[in-house]
Amino acid sequence: TITVQSSARNAFDEEDGILLKLLADQVAIAVTNARLYEELEESERRYRHLVDNSPDIVWSIDAHGRFTFFSDSLESRTGWKPEQLLGQPFTTLTDAGGHAAALQAWEALRANPEDEQRVRLSLPLANGQTSPAEVAMTGTVVDGRFAGAHGAVRDIGERERLERSLRRQAGELAAGRERANLARELHDSVTQALFSMGLTTRSLELLLARDPEAARSKVAELRDLQRDALAEMRTLIFELRPSSLESDGLLQAVRTHAAAVHGRTGMNVEVGAEPDPLEESGEARAPIVVEEALYRIAQEALHNIVKHANARTATIRLARDAKAIHLSVTDDGIGFDPSQVPRGHLGLAGMRQRAEQLGGDFAVTSRAAEGSRIEVVISTAAMAAVAQGQHEGEVALPAGASAK
């Protein structure tokens, strides 16, 4: 409050009023600034508390890529003291394998500071070991110019351990479903064939002395049943683990399975590849776990078509380019509504799970009386990650997917 007094009447004129207002405005500005400074200091204290107590390592670097700040969690997470790293280039906290990715993210930040960049790398620790980490960062802009970057480093070792555990459990669950599928197939085909062989053998015993001519026809019938049972058993064994997959590649394994389906059901199955053959596309073969997953998806898709689609023809297409590997399975059957698949029919869910476990995309389109189409796309980057995980012993592909 500003109080101005005078013992004389009319002591102040209009100019005095203007002057007093200016003085009051100055005081008001000072009071407002003091309040804002106090709020800023409180905000900084809260921010500092969050930074210092965060499990992530908060950092900042200048426009030259040198560290200017670390939160207190640096030493507890890595063993490094801030003074050991301040002023050092940011690549100091990247292993040799992560240099390229870190530099790429840095250049991307320089070009577009507002876009967040994420890099997954192995963080070098003070004791000489490394720890898996994920770095999230954004650029710093001052007066319209790039002034560096800031972000956080998160330890993802525990998350990766949980992911490996989930993949292993998913593999065990899928293996159990595959065993149930195999038991059903044995019951539906081989067991019934063996039962028929038993009946035929009993008839043969009764006819040997009474009607030798009829007995000979029963021998021929028994031979046919035995041949069919053997072919069915070989098909089931191949489906468990196609021996040609590793030696001959994905395309040939799919063609062999398609021929077996045609021989067993009579449905025409066309198999094509772009380029043809797929393995001569100029690209290295996909990791075996990727090829097996694609094979299992094609196998399950054909199984669903035979069981449910009432189709005359199914078509399998494989394609490979620099960006991804593509699989599609189409049929000319009765179609269905993908959103109305009954509970317990897990074929689609199993195929989707296989694709997503490898970082791929899965899509299904279908309309009544217009057939169905299943598409899987696994990018080159996803295949590289799978290959790295396979090299480190971290990828566990399920042994099989359930039938619909």
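Thr-138 has a bridge partner in strand 5, and that partner is His-150. This is a predicted model, where local features need pLDDT of at least 70, side-chain atom pairs count only at pLDDT 80 or more, and totals for chains, interfaces and linings use all residues. Residues are numbered from 1 along each chain as its sequence is written, and side-chain values use heavy atoms, with hydrogens and water left out.

Back to the strands. Strand 4 and strand 5 run antiparallel, joined by 10 bridges. Strands are DSSP runs of E, at least two residues, and helices are runs of H or I, at least four, numbered from the N terminus. Two strands pair if DSSP finds at least two bridges between them.

Now strand 3. It is joined to strand 4 by 8 bridges, also antiparallel. Gln-117 stands opposite Met-137 in strand 4.

How many cavities of 30 Å³ or more does the structure hold? There are 3. A cavity is a set of points on a 1 Å grid over the protein atoms alone, where a 1.4 Å probe fits but cannot get out; lining residues have an atom within 4 Å of a point. A volume is the space filled by probe spheres set on the points, which are joined across faces, edges and corners.

The largest cavity has a volume of about 180 Å³. Its lining has 16 residues, and Trp-59, Phe-67, Phe-90, Thr-94 and Val-135 lie nearest its centre. The second largest cavity has about 80 Å³.

Terms used. 1 Å grid on protein atoms, 1.4 Å probe; cavity = no way out; pocket = protein on both sides within 12 Å on 5 of 7 lines; lining within 4 Å.
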